[in-house]
Amino acid sequence: MDVGEALEEAVFSLIRSGHSNTPQMDAELLLAHAKNSSVTHLLTWPSEKLTLDEEAAFRNYLKRREKKEPIALILGHQDFWSMTLKVNEHTLVPRPDTECLVEWIIHQPLETAVVCDAGTGTGAIALAIAGEKPNWQVFAMEKSTQALAVACENQQLLELPVAFFQGDWLSAVAEDSFDILVSNPPYIPANDKHLADLTYEPRSALVAKKQGLSDIEIIVGQAKNCLKAHGYLVVEHGFDQGYCVQEIFKEAGFSGIETHQDYGKNDRFTVGVNACGDAGLHA
Ligand SMILES: C[S@@+](CC[C@H](N)C(=O)[O-])C[C@H]1O[C@@H](n2cnc3c(N)ncnc32)[C@H](O)[C@@H]1O
């Protein structure tokens, strides 16, 4: 079988499965992965033959994709910001919309800052900030041992200065530690119908009690202590959770509360300023 034939067959089979919105691109990425080559190479040399091992690997990847496994988990990596990050079954696959939080944070006019990414998963947010802001000190924390191992591997591959630590949200963090605290916590309600399409990622990275708001409540409560006066809290949430998250921020005493949208113009993250304490960084 040659590359062109393999691609044609795979595209048909992916369309038949009904589980891919991008069958041509998926087929190309999976075949490039099976051949340890690039999509450009495949498209340039469509009559190149597949070895038996390559064909077997390709068929295996296709079968997985036809069962709705995310392409990133089959490939073992996902692009985020300007980086390629390792991912596996213990991590959330970083989503493009989370880049909007990174963008907001790096546009804050701070010469120096101490930042923490809570629930870092692959390390996506923390590593992106560290790459953009060499003068900032970046910490990242995570509860899952396996996810933390992936984050550390990404950090070593990218050679970016992020200090990772394990913990249950911010329970072990000292008072007045950070200028910016960012988190993309689990926020999907347990009865959300979209969970049926997310069976390959850890439930502990996706689902939260109290209609998806329980982890956000904990983080906002703890953030009051571990943020410096006038420090920023930046929290990702569901498109329909902006109002509730603003209320949680208000009840905890944050000021300057704003909800921002993602690339698709959906409400995606809320920002607040830690109003208590003496005039500090942003006064
Ligand atoms: C939605 S994922 C976000 C991962 C990553 N920040 C990103 O944007 O791709 C939430 C992360 O929070 C972690 N997490 C869940 N409960 C936690 C807790 N109690 N303490 C710390 N991290 C937690 C999960 O393991 C998961 O990695």
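Seven nonpolar, seven polar and three charged residues make up the shell around the ligand. In this count Ala, Val, Leu, Ile, Met, Phe, Trp, Tyr, Cys and Pro are nonpolar, Asp, Glu, Lys and Arg are charged, and the others, Gly among them, are polar. The model is predicted: local features need pLDDT of at least 70, side-chain atom pairs count only at pLDDT 80 or more, and totals for chains, interfaces and linings use all residues. Residues are numbered from 1 along each chain as its sequence is written, and side-chain values use heavy atoms, with hydrogens and water left out.

**Stop 1: the ligand**

The selection holds 17 residues, of which Gly119, Glu142, Asp168, Trp169 and Asn184 are the closest. Strand S4 (137-142) and helix H9 (203-206) each contribute at least two residues to this shell. Helices (H or I, at least four residues) and strands (E, at least two) are DSSP runs, numbered from the N terminus.

Next, display the N and O atoms. A polar backbone atom of glycine 119 is 2.8 Å from a nitrogen atom of the ligand. A ligand nitrogen also lies 3.4 Å from a backbone N or O atom of threonine 120. From the side chain of glutamate 142, an N or O atom is 2.5 Å from an oxygen atom of the ligand. On its own the ligand has 600 Å² of accessible area, and the protein covers 95% of this; such areas come from the Shrake-Rupley method with a 1.4 Å probe, and for residues only the protein chains shown count as cover.

**Stop 2: helix H1**

Move to residues 3-17, helix H1. At the start of H1, the backbone nitrogen of glycine 4 has a side-chain oxygen of aspartate 2 within 3.1 Å. Just after the helix, glycine 18 adopts a positive phi of about 70 degrees.

Now colour Val3, Ala6, Leu7, Ala10, Val11, Ser13 and Leu14, which are buried in H1. Buried means under 20% relative accessible area, exposed over 50%, and partly exposed in between (1.4 Å probe, protein chains only). Their cover includes helix H2 (23-34), helix H3 (39-44) and helix H4 (52-66).

**Stop 3: glutamate 55**

Within helix H4, select glutamate 55. Glutamate 55 is buried, at 19% relative accessible area. Apart from neighbours within four places in sequence, glutamate 55 is in contact (heavy atoms within 4.5 Å) with Met1 and Leu50.

**Stop 4: tryptophan 81**

Go to the loop between strand S1 (77-80) and strand S2 (83-86), where tryptophan 81 is found. With 25% relative accessibility, tryptophan 81 is partly exposed. Although not a glycine, tryptophan 81 has a positive phi of about 55 degrees. Beyond neighbours within four places in sequence, its contacts are Glu99, Val102, Glu103, Ile106, Ala128 and Glu132.

Show the side chain of glutamate 132, which makes a polar contact with the side chain of tryptophan 81 (2.7 Å). A polar contact is a pair of N or O atoms within 3.5 Å; within protein, one must be able to donate a hydrogen and the other to accept it, and residues adjacent in sequence count only if both atoms are side-chain atoms.

**Stop 5: lysine 265**

Finish in the loop between strand S8 (254-261) and strand S9 (267-274), at lysine 265. Lysine 265 is exposed, with 63% relative accessible area, and has a positive phi near 65 degrees.

Definitions and conventions: A residue is near a molecule or strand if one of its heavy atoms lies within 4 Å of it. The expected span of a helix is 1.5 Å times one less than its number of residues.
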